[in-house]
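Please keep the sequence and the 3D view open while you go through them.

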Amino acid sequence: MLELKEIILDHQREGLLQPTSLIAREGAVSTLTGQKESGKTWLLKAIMGLAPYERGYISIDGEVITPLSARFYRERMAYVPQLSPSVPMTVGELLKTIWGLHINDDKDFHRTDIRKRWQQLDLDSTLWDADSSQLPAPTLRRILLSVTPLLDRAIVLADMPFLGQDTTHSLLVENYLQQMAAEGRVVIVTKRPDDDR
């Protein structure tokens with residue numbers, strides 16, 4: 001279980017001025033909803049211990065995340081960003097970069113595992129060789145979301161996964177997130193009030 005209790009973002013930061021509380025449990029998808037620039041991404045960064053907050057606390061399984069413990073808890077998290085760097089590299093190279101991170105040393109990835117995941121999210125296998133910096137942002141978010149279960153993290157943080165997705169792809173993303181939660185993960189997504197899902 002992950003809990004945000006009366007979180008107020010750093011006073012220097014625009015956006016979230018009202019205290020925010022949330023209890024996210026294993027097996028369910030929890031949603032942080034807010035207008036553009038309201039602090040949703042900042043809250044996800046605070047959960048990862050990468051952004052300050054002025055008041056309140058964040059805990060995992062009853063243990064408060066502190067600056068000293070944040071790195072340990074971050075190793076239990078997978079983060080799907082709203083925006084990805086636009087560095088020219090193929091999708092395959094991008095994914096190999098993720099797998100090559102030290103934190104993923106103990107993971108074994110195979111392209112066949114990814115193909116199955118891509119089918120669930122309506123991603124064509126030819127995307128492997130596509131320039132990731134030239135792909136539409138919704139497609140790239142689905143690609144990054146597709147490999148998240150392979151990272152085998154207990155907590156999934158997905159920033160705006162429905163943004164720009166058409167109705168069909170929004171439903172596929174929603175089902176995929178539900179599937180990850182059903183596998184026992186804490187799943188937290190951000191969205192705007194007017195998003196499809």
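**Notes on a predicted model**

1. Trp-118 is buried, having a relative accessible area of 2%, and this should be read with the caution that the model is a predicted one. The residue belongs to helix 4, which spans residues 111-120.

2. A search of the whole structure gives two aromatic pairs. Phe-72 is exposed at a relative accessible area of 52%, whereas Tyr-73, with 8% relative accessibility, counts as buried.

3. Trp-118 and Trp-128 also form a pair, and because their ring centres are 6.3 Å apart with the planes at 50°, this pair is tilted. Since Trp-128 sits in the loop between helix 4 and helix 5 (137-147), the pair ties together parts that are 10 residues apart in sequence. Trp-128 counts as buried too, its relative accessibility being 7%.

4. Both tryptophans return in the lining of the largest cavity, together with Arg-111, Ile-114, Arg-115 and Ser-125. The structure holds one cavity of 30 Å³ or more, and the space in the largest cavity comes to about 30 Å³. By type, its lining residues divide into three nonpolar, one polar and two charged.

5. Ala-28 lies in strand 3 (residues 28-33) and counts as partly exposed, because its relative accessibility is 31%. Although 154 residues separate Ala-28 from Ala-182 in sequence, their C-alpha atoms are 7.0 Å apart in space. Setting aside neighbours within four places in sequence, Ala-28 is in contact with Ala-181, Arg-185 and Val-187.

Technical notes
Residues are numbered from 1 along each chain as its sequence is written. This is a predicted model: local features need pLDDT of at least 70, side-chain atom pairs count only at pLDDT 80 or more; totals for chains, interfaces and linings use all residues. Side-chain values use heavy atoms; hydrogens and water are left out. On a 1 Å grid over the protein atoms alone, a cavity is a set of points where a 1.4 Å probe fits but cannot get out, and a pocket is an open set with protein on both sides within 12 Å along at least five of seven lines; lining residues have an atom within 4 Å of a point. Grid points are joined across faces, edges and corners, and a volume is the space filled by probe spheres set on the points. Ala, Val, Leu, Ile, Met, Phe, Trp, Tyr, Cys and Pro count as nonpolar, Asp, Glu, Lys and Arg as charged, and the others, Gly among them, as polar. Helices (H or I, at least four residues) and strands (E, at least two) are DSSP runs, numbered from the N terminus. Buried means under 20% relative accessible area, exposed over 50%, partly exposed in between (1.4 Å probe, protein chains only). Contact means heavy atoms within 4.5 Å. Rings of Phe, Tyr and Trp (its six-membered ring) pair if their centres lie within 6.5 Å; planes under 30 degrees apart count as stacked, over 60 as edge-to-face and the rest as tilted.
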